[in-house]
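Subject: Structure handover

Hello,

Here is the structure I promised to pass on. Please look it over first, then read the notes below.

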Amino acid sequence: MSARHSEAERLDALMRLRLLDTPPSETFDRITRTARKLFDLPIAAVSLTDSERQWFKSRIGVDHDTIPRDKAPCAQVAETCHVVVIPDLLADPCYSTSLLATQGVRFYAGAPLVTRDGHGLGALCVLGVEPRTASESELTALTDMAAMVMAQIELQHAFGRVDPVSGLPNRLQFFDDLTDLGRAPNDTQRIAVLVDLARIEQISNGTRVMGAGYVDDMVRVAARTIREALGPDRTAYHVGATQFAFLAPPDVDPSDYQEIVQGVLDGIPKGATDGFMVTAAIGLAPFNPGETEPSVILRMAHSAALEARGSRDSVRIYSSEEDQVHARRFQLLREFGAALHEGGNQFSLVFQPRVDMSTGDCTGAEALMRWRHPLLGAVPPSEFIPIIEQTTLARETTHWVLENAIGQLGHWHAEGRRLTLSVNISAANLEEPDLVQRIQLLLLKHRVRPNFLELELTESAVMRDSERSMWQLNALRSAGVRLAIDDFGTGQSSLSYLQKLPMDVVKIDRSFIKELGTGAKPELLVNSMIILSHELDYRVVGEGVETADIAEILRQLGCDEAQGYLYAKPMGAAEFESWLSASSERISHRIAS
């Protein structure tokens, strides 16, 4: 192998490690400080030998970060992979006219930084302004510390820092590089860019059909595209399964760069992987180096990418206002779980009556969960329920509601109030194999007959896993529990499937009810729902009834029951009992008169 070829390989090994021109690192500085202290010398450095220069990854006692390679002792160390000691540069025929010698350096000792493949990258060196020698023990220690430098390099760039599929530095390296960037004196704003290749369902569908290799192919194509778009002087990182990150050039305006980065997005194939469409999104996160934690920077960029997915734009700049919404959701999720595990004292149930439209009697009520946070106050159910239903807390939450609702129902039955109580359950609950058994145990515990409990599910919850849902619904129905379709008309179930559901009640969504009285079409639509439900032997409940006129229209259309603010808002148990007593008195008075 020729000397030229060997040098080319050595430089290639150096370039692959991506160390040149990176910010200072405390990991390397710590070793450099130790070497200087060991030799009791003013200067120490981790020096990398580039094609025309010596560049210092770490330096103590010297201001500049590079010197020419010509007549630099570290170049000899890199070329020979041997320890080099020069007791007096002025007395050495090779280095007496070197830059170091002209600047007053007299002593030099350097131990090589050698890769596992035998390529010399540079040296860990110590320098002094007086001639001296180095003992064997000193050189052994210097060699050991050079090995520590090399181990750190390999740790960062070979072991666990490079993704095997994309060949790009991973998230840990991205975090380290952001940390090092913050150590360099620099007040220039930077922009972190996150490229999210595909929606979760796109990845799931592709993997289900094509296998795990589908994602690997997508990642390789995207990594190559992004790397080519950035060029050789900039680094792309593989920070998630199908997510990449990189930094915009310094002093770039975020709005201007939003248009530039669109070109990167356009270059990623949209459906080249066996015909499966992928839709990438990009988030931009402006930050000041050293002022924001690397993990927060990545989260900000990810938040912006999520906002891009939820809008018509494929590239979005991080917005603190939008991010506050996500941060609050995370806070609510975390603190809801803590409150639940602490006994649920922050939670309560309220009850909204259901009224028979022909008699005015209260036939039952719907139990609704409420959360009063000690600091945030009352948290609307519309805010926390959708979050909880997407997590493992759904099971515990539903159990808490069922336990307390059935307990309250048992208390009312013991007092002679023969009411039916409705409780909402989610799609996640239908996936619980022991759901039916748990409900049966609660009914036995509180001495409630199954037909007085009604479980409400939306059409979308039933359709998420129709086969499992049908099995669960039939099991619940066989156990004697009543079942209701909530928010009817807003889901996606077909009529042919609807007729197979073992339901007892259909609750027409309030979005249809509130339009009654505004024209012929809303009334025709609700009338069709009522007729269809009756044909399928379902009892019909109108939700969100707020005016007497709407109640009268529903009554004339044959709606069986109604629920809404016209009759009562959701109330605590004691208030509901008072309302129930007053309602009974009104009905008795009406009959008597």
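Helices (H or I, at least four residues) and strands (E, at least two) are DSSP runs, numbered from the N terminus. This is a predicted model, in which local features need pLDDT of at least 70, side-chain atom pairs count only at pLDDT 80 or more, and totals for chains, interfaces and linings use all residues. Residues are numbered from 1 along each chain as its sequence is written, and side-chain values use heavy atoms, with hydrogens and water left out.

Overall build

The protein chain has 22 helices and 20 strands. Its radius of gyration, taken over C-alpha atoms, is 36 Å. Along its principal axes, the C-alpha trace spans about 125 × 50 × 40 Å.

Buried residues make up 49% of the 593. Here buried means under 20% relative accessible area, exposed over 50%, and partly exposed in between (1.4 Å probe, protein chains only). Contact means heavy atoms within 4.5 Å. Of the contacts with a separation of 6 or more, 66% are between residues 24 or more positions apart.

The chain exposes about 28,700 Å², and carbon and sulfur atoms supply 51% of that area. The areas come from the Shrake-Rupley method with a 1.4 Å probe; for residues, only the protein chains shown count as cover.

Cores

A nonpolar core is a set of buried Ala, Val, Leu, Ile, Met, Phe, Trp, Tyr and Cys residues joined through side-chain atoms within 4.5 Å. The largest one has 75 residues. Leu 455 and Phe 576 touch the most other members. Helix H13 (residues 393-414) gives the most to this core, with eight residues. Apart from it lies another core, of 29 residues, including Val 195, Ala 236, Val 252 and Leu 265.

What does Leu 455 touch? Leaving out residues up to four places away in sequence, its partners include Leu 402, Val 423, Ile 425 and Ile 439. Arg 482 is also among them.

Loops

Two residues have a positive phi without being glycine. Asp 251 has a phi of about 60°. It sits in the loop between strand S9 (243-247) and helix H9 (254-267). Asp 251 is exposed, at 65% relative accessible area. For Arg 447, phi is about 55°. Arg 447 lies in the loop between helix H15 (435-445) and strand S16 (453-458), and is exposed at 76% relative accessibility.

Is Glu 432 buried or exposed? Glu 432 is buried, with a relative accessible area of 5%. Its place is in the loop between helix H14 (427-430) and H15. Glu 432 touches Arg 395, Arg 438 and Gln 472, not counting residues up to four places away in sequence.

Ser 528 is in helix H20 (residues 520-535). At 38% relative accessibility, Ser 528 is partly exposed. Its C-alpha atom is 9.4 Å from that of Leu 557, 29 residues apart along the chain.

Ala 548 is in helix H21 (residues 548-557) and is exposed, with a relative accessible area of 53%. Ala 548 and Leu 566 are 18 residues apart in sequence and 7.0 Å apart in space, C-alpha to C-alpha.

Best wishes

Methods: The radius of gyration is taken over C-alpha atoms; the globule rule is 2.2 Å times the number of residues to the power 0.38.
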